[in-house]
Amino acid sequence: MICLVYSSVASGAVDEAEVEKILTSAEIGNAKVGITGALVYDGRRFCQLLEGDAAAVTKTFGTIKNDKRHEQIEVMAQATVSDRRFPGWAMLRVEEAEFQTMMDGLAATPD
């Protein structure tokens with residue numbers, strides 16, 4: 001299983017309704033392929049963690065990279081992991097501080 005974290009910048013104005021659409025779409029699509037994860041949006045930037053089977057995460061990230069609602073996509077971390085950080089959440093929206101805590105834990109966890 002892999003964990004991939006990326007950041008990006010919104011291409012234009014992305015309001016709460018659009019973020020909810022993104023979350024709903026991610027929840028449905030991710031559940032179908034066994035991906036779990038979390039999303040942060042601060043009004044300008046996205047940061048998302050995807051975890052699951054390597055092929056499923058890679059394919060999903062390929063779709064995400066083609067989404068015109070964001071640009072400047074940068075992979076921040078990618079690692080093989082044995083445990084999920086967000087089991088039971090096809091896509092959870094988290095606050096920035098919570099996400100940073102989780103990222104710190106990911107960086108400190110050896111594979």
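**Entry 1: strands**

I began with the strands and noted that strand 1 (residues 2-10) pairs with strand 3 in the antiparallel sense over 8 bridges, where I take two strands as paired if DSSP finds at least two bridges between them. The model is a predicted one, in which local features need pLDDT of at least 70 and side-chain atom pairs count only at pLDDT 80 or more, while totals for chains, interfaces and linings use all residues. Residues are numbered from 1 along each chain as its sequence is written, and side-chain values use heavy atoms, with hydrogens and water left out.

For the element names I used DSSP runs numbered from the N terminus, a helix being H or I with at least four residues and a strand being E with at least two.

**Entry 2: whole chain**

I counted 3 helices and 5 strands in the protein chain, which reads along the sequence as β-α-β-β-α-β-β-α. Of its 111 residues, 41% are buried. The chain exposes about 6,300 Å², of which carbon and sulfur atoms supply 52%; the areas come from the Shrake-Rupley method with a 1.4 Å probe, and for residues only the protein chains shown count as cover.

I also looked at contacts, meaning heavy atoms within 4.5 Å. Among those between residues at least 6 apart in sequence, 78% join residues at least 24 apart.

**Entry 3: N30**

What does N30 touch, leaving aside residues up to four places away in sequence? I found I35, L50, T60, A90 and M91 in contact with N30. This asparagine lies in helix 1 and is buried, with a relative accessible area of 4%.

**Entry 4: salt bridges**

I counted 5 salt bridges, each being a side-chain nitrogen of Lys or Arg within 4 Å of a carboxyl oxygen of Asp or Glu.

R93 forms one of them with E16, and the closest N and O atoms are 2.8 Å apart. This pair links distant parts of the chain, since R93 sits in strand 5 (residues 92-93) and E16 in helix 1 (residues 16-33), 77 residues apart. Both ends are partly exposed, R93 with a relative accessible area of 28% and E16 at 46%.

E18 meets K21 in a salt bridge at 3.8 Å, N to O. Both residues lie in helix 1, 3 residues apart, about one turn of the helix, and K21 is exposed at 54% relative accessible area.

E18 also meets R69, at 2.6 Å, N to O. E18 lies in helix 1 and R69 in the loop between helix 2 (54-65) and strand 4 (70-80), so this pair ties together parts that are 51 residues apart in sequence. R69 is partly exposed, with a relative accessible area of 28%.

Technical notes. Buried means under 20% relative accessible area, exposed over 50%, partly exposed in between (1.4 Å probe, protein chains only).
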